[in-house]
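Here are some questions and answers for a reader who is new to this structure.

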Amino acid sequence: MGDAATVGGGGGCCRFAWQVLRGGWFMIPAAFLVMAGAGATYLYGVYSKDIKARLGYDQSTLNLLASMKDLGANVGIPAGLLAEVAPTWVVLLVGSIMNFGGYFLIWLAVVGKIPKPAVWHMCVYICLGANSQNFSNTGALVTCVKNFPEARGMMLGLMKGFVGLSGALFTQLYYAIYGNDSTSMILLIGWLPSVISIVFLTTLRPMKPSTHPRVLNVLYQNMYVTVALAAFLMGLIIAQKQVQFSQTAYIGSAIAVIVLILLPFGIAVREELLVWREKKQPVAAPTDIVIAKESKTLPESPQTDTQKEKEGAKEEMPCYSCTNVCNKPSRGEDYSIFQALLSTDMIIMFVAMCCGLGCNLTTMNNLGQIGESLGYKRTQSASLVFTGFISETLLLKKKVPRTLFMTIFLLLSAVGQLMIAFPFPNSVYIASLVVGFSHGSQLTLVFTVVSELFGLKYYSTLFNCGQLSAPLGSYVLSVLVVGKLYDREAIKQLGQKSVKRSMTKELTCMGTKCYKISYLILACTNVFAAFVSLILVCRTRKFYSGDIYKKFRGETEKNENEKEKEMAVTAGTRKQQEVAATD
């Protein structure tokens, strides 16, 4: 009754509903859902076995497809450039069309609805479908980071956490909708993310950043919901490996998952209700003292005018300009695209992430085949369940360079890859958790560090450039190292059985030797990347010891002052109307 009375009658309910849908709080869970649909590329290890069996590919061809998937998933420059000139809803719409088109064509090929495509056709299909996630990332992630600049670390951690959860979410939904037909997973990841993006086309949009006393509490509450969802999904995965679920049980568990996913929307509605109540409170009209205080300004010196001219010239410089590449601003200021790409910090980060993210993607792409070689049941990458939000919580608690955590997670990845090279009972499950956690944490760190070192002005393009290192590393390590060594060992096993390669359609390797040498190479590559990242730690230590968000606090305070003036004027106008109506 209290809430209904606060909102008002039918007209008040409609206005409140409109405020909820257009408010900043509702944007947060909407972005979570869009990001949850943007992690379908991590499920390649689940359905790649069907592509290999039904289309007759060997491991090298399968790893080539995986590399093309990683290329599409990480080449986000087109999405970033589109976001510089087009509204967010256009970015999301283009991404939804690409996602459905790419994965639907793959599904048609796998189930035999169309003639068997050439390998390069499949490469185009999977690259197109995977590239769509960059449009979702740019539309949701970049928009929320710009709307909440002071809370960008926590926001990035939460959203990348939902990307990590997407693999387990899709698995539960496809069990409930399609049963145990893994080829239908391809169809599901084709239509569901597209529908989610279309539903929230107008919800995700840039807004003026402003401070709010409850913003950290809201983000922590969303984090608790995410942790609960992750724990529930992990429990379901373990239970489904131990007990045979019926279709009814799968449907029931999927409904419970959906309820947990929608809880952040309840938090958003509650916060908008508090905002609605605050607007209803009487606000004193602006006084002469406030006006005098506002109008009081300090005389500007000629030096200040010169600085303003320089700043204006910088602002007018196009993002693609090469004329000022060598004259870079200080860390934390807005770099142009070429200034950032050609900076020493970006080059060091690119080399480290080329090795680190490339090793992680190679591991996740081969999880299905690794499990098969070592005698496991079908292995799915539920490892990313615990990524993003846990690592970001650790970052916010410690006043140390974020780049140091990159080094730590690179070394942690090496430990996971050694577990695969020297397997023991259940080592693949543990390794998938370790590598997945490290991968999600590294992605979160890359996106955060890029925004902090090079500014937010061209962030939609720069963060997409920053992740270009992953497909390059994945191609070299997956196709030229892991795939070649796997096929060589598989052919050797065929020779021991006196079977020729032409006599078998599918090339399969069994035993611990299939991945031992290749994953020793991957572990050493990660250790090298950790040493490279230490250089960046030394270079940025002084920057992170200062107040890196001081610039944004000034902007948000200015926006808050403008908002208070508008509310005061509105309150004064409403009071005058009430007095006139009384007279």
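A crossing is left-handed if the near helix is turned anticlockwise from the far one by less than a right angle, and right-handed if clockwise. The model is predicted: local features need pLDDT of at least 70, side-chain atom pairs count only at pLDDT 80 or more, and totals for chains, interfaces and linings use all residues. Residues are numbered from 1 along each chain as its sequence is written, and side-chain values use heavy atoms, with hydrogens and water left out.

Q: In which hand does H20 pass H23?
A: Helices here are DSSP runs (H or I, at least four residues), numbered from the N terminus. The axes of helix H20 (residues 427–454) and helix H23 (residues 516–544) come within 12 Å and cross at roughly 65°; axes are lines fitted to C-alpha atoms over the stretch in contact, with angles from 0 to 180 degrees between N-to-C directions. The crossing of H20 and H23 is left-handed.

Q: Which helix gives the most to the nonpolar patch?
A: Helix H16 (344–365) and helix H22 (469–496) each supply at least two of its residues. With four residues, the one that gives the most is H22.

Q: Is Glu271 buried or exposed?
A: Buried means under 20% relative accessible area, exposed over 50%, and partly exposed in between (1.4 Å probe, protein chains only). Glu271 forms a salt bridge with Arg270, the closest N and O atoms being 2.6 Å apart; a salt bridge is a side-chain nitrogen of Lys or Arg within 4 Å of a carboxyl oxygen of Asp or Glu. Arg270 has 35% and is partly exposed. At 2% relative accessibility, Glu271 is buried.

Q: How many residues apart in sequence are the parts that Asp345 and Arg331 tie together?
A: The side chains of Asp345 and Arg331 meet in a salt bridge of 2.7 Å, N to O. Asp345 lies in helix H16 and Arg331 in the loop between helix H14 (302–316) and helix H15 (337–341), so the parts tied together are apart in sequence by 14 residues.
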